[in-house]
Structure formats: C-alpha cells, structure tokens
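Have a look at it first, then read on.

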Amino acid sequence: MANPVEEIKERLNIIEVIQEYVPLKKLGNSYKALCPFHNEKTPSFTASEEKQFFHCFGCGKGGDLFTFVQEIEGVEFVEALRMLAKKANVELTPVNRTEQNERTRLLDCLEAAAAFYQTVFNSQDGEKARAYIAQRGLDDETISIFQIGYSPDAWDGLLQNLKKQNFIEKEMERAGLILRSPKTGGWYDRFRGRVMFPIYNSHGNVIGFGGRTIDADAKEAKYI
C-alpha cells in the first residue's frame, strides 16, 4: 500500500497550495512573497517548485506543503494530512480519535451534525421541511449539492445522536451546536425545528450552520 504522505506530495504542487493563501511572484527558479507568518515590508518568504519546499529568511519558518498547511491553518499534522488528502483525492485509513487535536474533533462533530440533519430532513420528521423547501423552488439537485438538512423540533435530538457517536457535551458546545440552560444547568440543542444550511470552508469542511425557521408563527429569530 502506498504511503499516503508521499502519494499526496506526488499529486500536489506546493506552489499551488501556497498560492491559495499567499500571492507568489516568480523570480528565476523560485517564488517570493511577503511572509504570512510575520509582518514585513520586504518579501523574505521563498518557495521552490523544484524542491517542493518553502522557507522564510525573516522568521525562519520552513518545510514542505504539510508544514505550510499546519502553520497557516494552525492545525496539527493529522488535520493537515486530512485536508491535503481531500484536495489530492487520496483515501486515508480511519484515524484513531486519540491522535486528533481539538480542532479536528470539532470538525468531525460538525460533520456528524450535518449528516444527522440531512437524515432527519429525509425522514418522516422532515416532511414539513421538505414541503417548505419545495415551496421555495429548490430542486433535489440543489438540496443535494448544498446538503440541506432539518433540525428536529426537539430539545436534545442532535445532542443524543452525537453522544452515541462518542462526542461529549463540551465538544458540542465548542462547535456551537448545543447550549446550557441557565435555569437547570442541562444541555439543549441550539437549532430546533429549522431548515439547516451547512457552511463550508475552502477545504470542504463543515465549520458552522445557518438555520431558518419554517414556523410562520414562531416568536424566535427567523434566522440563526
């Protein structure tokens, strides 16, 4: 079985990866830019397409495309590997959750929530949401592309589902999915009875949600 790290390096060009974050200017055999890791007025950041390596003569940071993504995104290697594997269309074996950092756990939590909302949308509980979406003129292809879902009109539908997947309340809270009741101290779902629209970053990770109520008489905010 091929090493996924090497396979990703073969499929991706560090120059193209860097240019998603930093505008590079070609000078001879290398590329230069203002360093994204410290403030400077004169470009000291260089990248080599031949060596697939970057280095900043100002702050000293340097490395391959994995190091760059780790530094620019503020993630650990496991998450950088996942992000670049997705970009390179390289399949990874499941990662042990104990090796994941907090940000990776939160992204997994949000992805699990998106899947839950989509399942509910397509279930009997989502009938009202499907009717509303159809009324607004959205076809099945649009629903699929944007992965539109529905949060059940229950206090802890998502909470209980994520607990079954071994996520804990603090992770769900950090992901913005649940709230703590000031009266009882218990947890409850932030989104209830709403059509759900996942929000993605440039790497295709779910990083949040927009929820629209479908109850015309609702006293809550129309959008959250």
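This is a predicted model: local features need pLDDT of at least 70, side-chain atom pairs count only at pLDDT 80 or more; totals for chains, interfaces and linings use all residues.

Residues are numbered from 1 along each chain as its sequence is written, and side-chain values use heavy atoms, leaving out hydrogens and water.

The protein has 9 helices and 10 strands; these are DSSP runs, with helices (H or I) of at least four residues and strands (E) of at least two, numbered from the N terminus. Its radius of gyration is 22 Å, well over the 17 Å the globule rule gives for 224 residues, so the protein is more spread out than a compact globule. That radius is taken over C-alpha atoms, and the rule is 2.2 Å times the number of residues to the power 0.38. The C-alpha atoms fill a box of roughly 65 × 45 × 40 Å along the principal axes. How much of the protein counts as buried? The share is 42% of the 224 residues, where buried means under 20% relative accessible area, exposed over 50%, and partly exposed in between (1.4 Å probe, protein chains only).

Now for the backbone. Most residues other than glycine have a negative phi.

| Residue | Phi | Loop between | Relative accessible area |
|---|---|---|---|
| N89 | about 60° | helix 4 (77-88) and helix 5 (102-121) | 65% |
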